[in-house]
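Colleague: I'd like to go through this one with you. Could you show me the model, and then let me ask where the labels come from?

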Amino acid sequence: MAEFLGVSVSTLVDWRYRRRGPAWATVGRHVRYRWSDVERWLTAQITEAA
């Protein structure tokens, strides 16, 4: 997921801690992302140029 978004794994960890990134789920001790949640979050990040 980090590679797809162009950020480091530690950035994803920080976003989860601060609740800024895409929604996630934990499966055991593993963090998982659904593509639909990532796409929704990514779409919400788009800003229109003035």
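Predicted model: local features only at pLDDT ≥ 70, side-chain atom pairs only at ≥ 80, totals over all residues.

Colleague: Why does phenylalanine 4 count as partly exposed?

Modeller: Buried is under 20% relative accessible area, exposed is over 50%, and partly exposed is in between (1.4 Å probe, protein chains only). Phenylalanine 4 has 47%, so it counts as partly exposed. You'll find phenylalanine 4 in helix H1 (residues 2–5).

Colleague: How do you know that there are three helices and two strands?

Modeller: They are DSSP runs, numbered from the N terminus: helices are H or I with at least four residues, strands are E with at least two. That gives three helices and two strands, in the order α-α-β-β-α along the sequence.

Colleague: Is aspartate 37 buried or exposed, and how do you know?

Modeller: Aspartate 37 has 9% relative accessibility, so it goes down as buried. Aspartate 37 sits in helix H3 (residues 35–44). Leaving aside neighbours within four places in sequence, aspartate 37 is in contact (heavy atoms within 4.5 Å) with Pro22 and Ala23. For the whole protein, buried residues make up 22% of the 50 residues.

Colleague: What makes the pairing of arginine 34 and aspartate 37 a salt bridge?

Modeller: The rule asks for a side-chain nitrogen of Lys or Arg within 4 Å of a carboxyl oxygen of Asp or Glu. For arginine 34 and aspartate 37, the N to O distance is 2.9 Å, and the pair is a salt bridge. Arginine 34 has 56% relative accessibility, so that residue is exposed.

Colleague: Which other partner does aspartate 37 have?

Modeller: Aspartate 37 also meets arginine 40 in a salt bridge, at 2.8 Å, N to O. These two are three residues apart in helix H3, which means about one helical turn separates them. Salt bridges that share partners join Arg34, Asp37 and Arg40 into one network. With 53% relative accessibility, arginine 40 counts as exposed.

Colleague: How many salt bridges does the rule give?

Modeller: The count is three. One of them links arginine 18 and aspartate 14, at 2.9 Å, N to O. That pair lies four residues apart in helix H2 (residues 9–18), so about one helical turn is between them.

Colleague: Why are arginine 18 and aspartate 14 both called partly exposed?

Modeller: Arginine 18 counts as partly exposed because its relative accessibility is 47%. Aspartate 14 has a relative accessible area of 28%, so aspartate 14 is partly exposed too.

Conventions: Residues numbered from 1 in each chain as written. Heavy atoms only, no water.
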